[in-house]
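Please keep the sequence and the model in view while reading.

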Amino acid sequence: MGPFMSPFNNLLCMLLGISFTVWFTLLLVFIIVPAIFGVSFGIRRLYMKTLLKVFEWATMRMERGAKEKNHLLYKPCSLNSIIAKESTSLEEELKDIRRNCSSPELDDSFDMSDAFYFCRRGIESIVDDEVTKCFTAEELESWNLLTRSNYNFNHISSRLTVLWGLGVVIRYGFLLPLRLTLAITGVGLLVVLTAMIGFLPNGRMKNFLSEKVHLMCYRICVRALTAIITYHHSENKPKNGGICVANHTSPIDVIILASDGCYAMVGQIHGGLMGLIQRSMVKACPHIWFERSEVKDRHLVAKRLSDHVKDKSKLPILIFPEGTCINNTSVMMFKKGSFEIGSTVYPVAIKYDPRFGEAFWNSSQFGMMNYLLRMMSSWAIVCSVWYLPPMIRQEGEDAMQFANRVKAAIARQGGLVDLLWDGGLKRGKVKDTFKEEQQKLYSKILVGTQEVRSRS
């Protein structure tokens, strides 16, 4: 038995060696080398166009089959709000309610019908909560052959089921191993090369090599996600000594932006693999990492950021002022800390195309590893990035007003809904200040009514 198995083992080892050689040669020639020089063969664009045609056929076939079987294909109210709300002020709505509920001769400063307004608003907020919707992945009006993209999907036709099964084999049998290989290569090179650059003396050569290494590694990581990114208005790209602020949908926002330019990252110090990456990166580039206890010290954070932007030789700082991931439909309240420094702000709008894969990270539902697995088993990550003209704080404008102005510009460019709510509501309760604002507004109406009565 032994003599017969030996040739078989040798043949198996030879085939495995040839397979690995071909695999890494293809990676090197078609992915890693183009990433080093920042070029593309257009394979990902062709791949995206092919997927769109397949999705279009699958959706048409699915809709036709659902119509024949009288089957509900999409969730009702998937795009529109459940409740139609009119943009009227508190005072106008109270007057309207009093007009309908009270007798015409009644002119008291307080009426029991006022309670109807607050009851109705409270019920509307429970039924159609615009804050909670910002932390839920939106269901598509087309099917992209991912079961998780349409929860009402049932068996409609054999051809459609076979196509879906073929997609599973391609995504998990070919794309996932390829992407894992690229991700390990990109992260490994980043750790090793930045650590080596850290031994060089500070100077132009170190900065030059650091930027090239960061760009190369981030571009490899972008290809690990099959990310297809379109950058607009590159003449407005952030410059040294400035602060880049962007809306936040996913942890990969960092990779999306850093693959087109180098930034100084800001974040909390971690342990494990993430901590190893942070320690290696900071040796080659002046990133700003904080201890957990330091993050709560606003003055210390502001001073570190201010000292960084004063040095015009240092890279622009990349900050996501929302402080949490939002589901690619809205922009929520920007924290004012990064707008108090007095530096030039470079707004950036990021908008993902959910047809190829959902980029939003719902951290309360999925852990980081689960999320990365979902990302790497999707078809692709397609997004557009707009560099907006730089903005500076105007005379007489406080930090919060400046933050809201920047946020409005990002929302307008990215086609996102501009919301005033704090993203911290994802895990916390409504701040008392929000309640007090409504109470103050209502009290002003009561005081105003009493003043009118006293003058008459």
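A residue is called buried when its relative accessible area is under 20%, exposed when that area is over 50%, and partly exposed in between (1.4 Å probe, protein chains only). The model is predicted, so local features need pLDDT of at least 70 and side-chain atom pairs count only at pLDDT 80 or more, while totals for chains, interfaces and linings use all residues. Residues are numbered from 1 along each chain as its sequence is written, and side-chain values use heavy atoms, with hydrogens and water left out. Helices (H or I, at least four residues) and strands (E, at least two) are DSSP runs, numbered from the N terminus.

- The expected span of a helix is 1.5 Å times one less than its number of residues.
- Helix α6 covers residues 204-224, and its 21 residues should span 30 Å, which agrees with the 30 Å between its end C-alpha atoms.
- Helix α10 covers residues 298-310, and its 13 residues should span 18 Å, in agreement with end C-alpha atoms that are 18 Å apart.
- Which residues of α10 are buried? They are V301, L305, S306, H308 and V309.
- Those buried residues line one face of the helix, because they fall within an arc of 160° when seen down the axis of α10; the arc is that of the directions from the helix axis to the C-beta atoms.
- On the other side of α10, the residues H299, K303 and K310 are exposed.

**Positive phi angles**

- Most residues other than glycine have a negative phi, and most peptide bonds are trans.
- T226 is not a glycine, yet its phi is positive at about 50°.
- T226 follows α6 and sits in the loop between α6 and β1 (227-232).
- With a relative accessible area of 12%, T226 is buried.
- N328 also is not a glycine and has a positive phi, of about 70°.
- The loop between β5 and β6 holds N328, which counts as buried at 7% relative accessibility.

**Loop residues and their partners in space**

- N247 belongs to the loop between β2 (243-246) and α7 (253-258).
- Is N247 buried or exposed? Its relative accessibility is 2%, so N247 counts as buried.
- N247 and P321 are 74 residues apart in sequence, with their C-alpha atoms 7.5 Å apart in space.
- C325 lies in the loop between β5 (317-319) and β6 (330-331), and its 6% relative accessibility makes it count as buried.
- Along the sequence C325 and N247 are 78 residues apart, while in space they are 8.4 Å apart, C-alpha to C-alpha.
- P354 is placed in the loop between β7 (345-353) and α11 (368-376) and counts as partly exposed at 29% relative accessibility.
- P354 and C383 are 29 residues apart along the chain, and their C-alpha atoms are separated by 8.8 Å.

**A contact across the sequence**

- Y47 is part of helix α2 (residues 43-68), and at 22% relative accessibility Y47 counts as partly exposed.
- In sequence Y47 and W379 are 332 residues apart, and in space they are 9.5 Å apart, C-alpha to C-alpha.

**The cavity**

- On a 1 Å grid over the protein atoms alone, a cavity is a set of points where a 1.4 Å probe fits but cannot get out, and lining residues have an atom within 4 Å of a point.
- Grid points are joined across faces, edges and corners, and a volume is the space filled by probe spheres set on the points.
- How many cavities of 30 Å³ or more does a search of the whole structure find? The search finds one.
- The largest cavity holds about 30 Å³ of space.
- Its lining consists of H214, Y218, C262, Y263, M265, C285, H287 and L315.
- By class, six of the lining residues are nonpolar, two are polar and none is charged; Ala, Val, Leu, Ile, Met, Phe, Trp, Tyr, Cys and Pro count as nonpolar, Asp, Glu, Lys and Arg as charged, and the others, Gly among them, as polar.

Note on methods:
1 Å grid on protein atoms, 1.4 Å probe; cavity = no way out; pocket = protein on both sides within 12 Å on 5 of 7 lines; lining within 4 Å.
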